[in-house]
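Welcome, and thanks for taking a look at this one. Please bring up the sequence and the structure, and we will go through the packing together.

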Amino acid sequence: MDGFEINKTFMALLLVGTATLGGNIVAGEILFKPAKPAKPGFEVVVAPPAGQQAAPAAAEPTKTMAEVFASANAANGPAVFRQCATCHTINKGGANGAGPNLFGIIGRNHAATPGFNYSAAMRGKASEPWTLEAMYAFITNPRRAVPGTTMSFAGIRSEQQRADLMAYLREQADTPVDLPK
């Protein structure tokens with residue numbers, strides 16, 4: 001191959017590169033000019049502060065505790081408790097898991113299970129007992145009931161399942177608390 005052939009080869013490569021670059025410029029900025037938004041990024045819709053909107057109906061008990069327990073069936077509680085069993089145990093003297101043992105939880109103070117490392121938010125409520133109302137609110141929406149809790153569970157939406165679980169948790173104690181009348 002002589003010098004003339006080499007020059008033709010390099011010239012062909014140079015022309016192909018120039019044509020490709022030129023075609024990219026023409027296509028990208030002249031033929032298909034994209035519309036650029038005035039403000040780059042995506043708008044994230046944020047709910048208004050809690051003071052400006054009513055709380056959802058599922059977050060608050062719509063019935064009194066007596067009405068809730070009127071329809072409760074503790075026999076259905078173990079099926080509902082399976083959601084909790086991922087992190088909690090319910091047997092007397094049971095070990096703590098990712099969450100504390102829940103035997104005798106109703107009537108016991110918050111953050112009172114020995115050997116469990118509670119969140120600062122839960123330790124802040126250590127002087128308050130787990131009443132039926134407090135537990136009902138917590139299993140409805142843990143983060144709303146105890147802001148700052150590290151419990152990642154979203155809550156139980158079904159009012160009937162919450163009632164059944166509450167009846168079951170209440171029975172899992174040496175001396176179950178009295179039901180409201």
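Does Tyr118 count as buried or exposed? With the reminder that this is a predicted model, Tyr118 counts as buried, because its relative accessibility is 11% and the cut-off for buried is under 20%.

**Aromatic pairs**

- There are three aromatic pairs in the structure.
- One of them joins Phe116 and Tyr118 in an edge-to-face arrangement, with 4.8 Å from centre to centre and 75 degrees between the planes.
- Trp130 and Phe138 also form an edge-to-face pair, and here the values are 5.2 Å centre to centre and 65 degrees between the planes.
- Trp130 counts as buried because its relative accessibility is 5%, under the 20% limit.

**The largest nonpolar core**

- How many residues does the largest nonpolar core have? The number is 27, and the residues with the most contacts inside this core are Phe81, Ile105, Met135, Leu165, Met166 and Leu169.
- At least two residues of this core come from each of helix H2 (65-70), helix H3 (77-81), helix H5 (132-140) and helix H7 (159-171).
- H7 provides the largest share, six residues.
- If neighbours within four places in sequence are left aside, Met135 is in contact with Ile105, Ile106, Trp130, Met166 and Leu169.

**Helix H5 and its surroundings**

- The buried residues in H5 are Leu132, Met135, Tyr136, Phe138, Ile139 and Thr140.
- Which helices do the buried residues of H5 pack against? They pack against H2, helix H4 (120-123), helix H6 (142-145) and H7.

- Glu128 sits in the loop between H4 and H5.
- Its relative accessible area is 36%, so Glu128 is partly exposed, a class that lies between the 20% and 50% cut-offs.
- Not counting residues up to four places away in sequence, Glu128 touches Arg108, Asn109 and His110.
- The C-alpha atoms of Glu128 and Ala111 are separated by 9.2 Å, and these two residues are 17 residues apart along the chain.

How values were computed: Residues numbered from 1 in each chain as written. Predicted model: local features only at pLDDT ≥ 70, side-chain atom pairs only at ≥ 80, totals over all residues. Heavy atoms only, no water. Core = buried A, V, L, I, M, F, W, Y, C linked by side-chain atoms within 4.5 Å. Buried < 20%, exposed > 50% of the residue type's maximum accessible area, 1.4 Å probe, protein only. Helix = DSSP H or I, 4+ residues; strand = E, 2+ residues; numbered from the N terminus. Contact = heavy atoms within 4.5 Å. Phe/Tyr/Trp six-rings, centres within 6.5 Å; stacked < 30°, edge-to-face > 60°.
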